[in-house]
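Reader: I'd like to learn how to read a structure model feature by feature. Could you take me through this one?

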Amino acid sequence: MPYQSAPTELLATTWRRAQARHEPGTHARLRDLVAEHRTTLATRFYEAMLESPSASRFLSHQLVQTRLHAALQRWLDTVFDIAFNARYDEAVAFQRHIGEVHARIGIPSHLVMQGARALMMDLHALLGDAPVAERAQALACAVDTIGQATEIMCHAYDTFHERNTRAEESYRLFVVSQDIVSEKEKQRAALLDWENTFVYEIAVNGAGPSLPRLGKSEFGMWFLHKAAHAFEGSKDVENILAQITQVDEAVAGLADTPAQAAIPVLKTVREQCAAIRFLLESLFAQAAHLESGRDTLTRLLNRKYLQVVMAREINYVRQKASHLSVLSIDIDHFKGINDQYGHDGGDAVLQHLALFLTQSVRSGDYLFRLGGEEFLIVLVDANEAQAIAIGEKLRRRAELERIALRDGQTLSVTLSIGVATHDGHPDYQRLLSAADTALYGAKRAGRNRVLANSAL
């Protein structure tokens, strides 16, 4: 049986037996010692982890350090008090939660064990004046206590990581599988549209700083955030990324170029776009029948790929110093729609809204149906102001939509939308929770509105 799926009662019993091997007096000495030095112990824990160069990208953010330092002190109090309060079920759930948070952030288990080893060495030093027998008993108790907690934590990490790895591999294949022919033609058209816009700008306005960038176009956003991941490892992907970079460097170099001198660059850019189209054909030819991660009613992405998308986009933001925002969307008074028009009417509303949202978002963005009447949009390369503007546009347009029902009736709906923007914290669940909080705030404030988490 996988450790993560082992019953909580079994893990709690194992932990209780480990604690029972030690005298109450030993537990009390350790608990008091940890309570007295918890701040120093927490500091040393993270200092030990940061000695590894690979830890800097997980723990360098000041917000993370502040939050994790306080969380570790609470963790120390919890695990060393367990012998007295006997809340083993809660403690098991807590360790599992920490392990999953570490998996979402990407803190490897070996770094956690490195910090745990530092904790035990520090406790050994703090027990230095105690008699040999007493010190040995206390250290054995500390090893059992810390070891049991970190074992549950690390197994939860491994299980979550393994599940996420399988989902990520499936997602890589899914991204372009929804409608291969349609997606190929859509992106070919988007690339051609950018090329035509570029040529028009050169011909009418001449070279200048306002020339469009391919990497920020509909095609560019789709390729950077979706196709590049779907076909990760393909030489064609590397070549297309290189071509996009070269095109944008060439365009940027035209800022102060006389119109006549721009002609050779224009010719080069068009040749590079032709090369990108050729490479796209090769990529789409690699697609086959793929596992579905769609919601059966709306054909949108479902929760299956949410953690993959969020983890990837958070990593992209941290590497590229870009922006990332999410919109949490809820149909107002949806229960009343189901009550008045039946579930067929409710389904018609959901399908109409899904199509409306699909047609309204950018190619690089992600649209999910999370369940019921709740949708989520992941807005790539969008700061808070841009996300609020997009949310307002969606809200106003949705209010004007007339939704046709099967019996000839029509109705309209309004949306409540919560906005949250990535603040640098590596755990994507923090961003999703912030968007949910903003959504609930919008509903409490009267519905049919957009509210940013920063305004709460």
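Reader: Let's start with aspartate 423: is aspartate 423 buried, partly exposed or exposed?

Author: The general idea is a set of cut-offs: buried means under 20% relative accessible area, exposed means over 50%, and partly exposed lies in between, using a 1.4 Å probe and protein chains only. Aspartate 423 has 38% relative accessibility, so it counts as partly exposed. Before we go on, please note that this is a predicted model, where local features need pLDDT of at least 70 and side-chain atom pairs count only at pLDDT 80 or more, while totals for chains, interfaces and linings use all residues. Residues are numbered from 1 along each chain as its sequence is written, and side-chain values use heavy atoms, with hydrogens and water left out.

Reader: Thanks! Which residue forms a salt bridge with aspartate 423?

Author: A salt bridge here is a side-chain nitrogen of Lys or Arg within 4 Å of a carboxyl oxygen of Asp or Glu. For aspartate 423 the partner is arginine 430, and their closest N and O atoms are 3.0 Å apart. Arginine 430 is partly exposed too, with a relative accessible area of 26%. There is also a network: Glu392, Arg395, Arg396 and Glu399 are joined by salt bridges that share partners.

Reader: How many salt bridges does the structure hold?

Author: The count is 21 salt bridges. One of them pairs arginine 31 with aspartate 81, with 3.6 Å between the closest N and O atoms. Arginine 31 belongs to helix H2 (residues 24–50) and aspartate 81 to helix H4 (residues 62–85), so this pair ties together parts that are 50 residues apart in sequence. Both ends are partly exposed: arginine 31 has a relative accessible area of 28%, and aspartate 81 has 24%. Another salt bridge links glutamate 90 to arginine 87, with the closest N and O atoms 3.3 Å apart. Glutamate 90 is exposed at 53%, whereas arginine 87 is partly exposed at 44%.

Reader: You mentioned helices. How many helices and strands does the chain have?

Author: Helices (H or I, at least four residues) and strands (E, at least two) are DSSP runs, numbered from the N terminus. The chain has 15 helices and seven strands. Of its 456 residues, 49% are buried.

Reader: How do I read the packing of two helices, and at what angle do H2 and H6 pack?

Author: Two packed helices are described by the angle between their axes and by the distance between the axes. Axes are lines fitted to C-alpha atoms, for helices over the stretch in contact, and angles run from 0 to 180 degrees between N-to-C directions. H2 and helix H6 (residues 109–126) pack at about 140 degrees, with their axes 9 Å apart. That makes H2 oblique to H6; the scheme calls angles under 35 degrees roughly parallel, over 145 roughly antiparallel, 65 to 115 roughly perpendicular and the rest oblique.

Reader: And which residues make the contact?

Author: Contact means heavy atoms within 4.5 Å. On the H2 side the residues include Leu33, Val34, His37 and Leu41, and on the H6 side they include Leu111, Val112, Gln114 and Gly115. By class, the contact of H2 with H6 has 13 nonpolar, three polar and two charged residues. Here Ala, Val, Leu, Ile, Met, Phe, Trp, Tyr, Cys and Pro count as nonpolar, Asp, Glu, Lys and Arg as charged, and the others, Gly among them, as polar.

Reader: Let me try another pair. How far apart are the axes of H13 and H14?

Author: The axes of helix H13 (residues 334–360) and helix H14 (residues 384–400) are 11 Å apart, at an angle of about 140 degrees. That makes H13 oblique to H14. Phe356, Leu357 and Ser360 in H13 meet Leu394, Arg397 and Ala398 in H14. These contact residues divide into four nonpolar, one polar and one charged.

Reader: Last one: what should I know about phi, and what is the phi of arginine 299?

Author: Most residues other than glycine have a negative phi. Arginine 299 has a positive phi of about 65 degrees, although it is not a glycine. Arginine 299 sits in the loop between helix H11 (262–285) and helix H12 (306–320), and is partly exposed at 40%. Aspartate 381 also has a positive phi, near 55 degrees. Aspartate 381 is in the loop between strand E3 (374–380) and H14, and is buried, with a relative accessible area of 17%.
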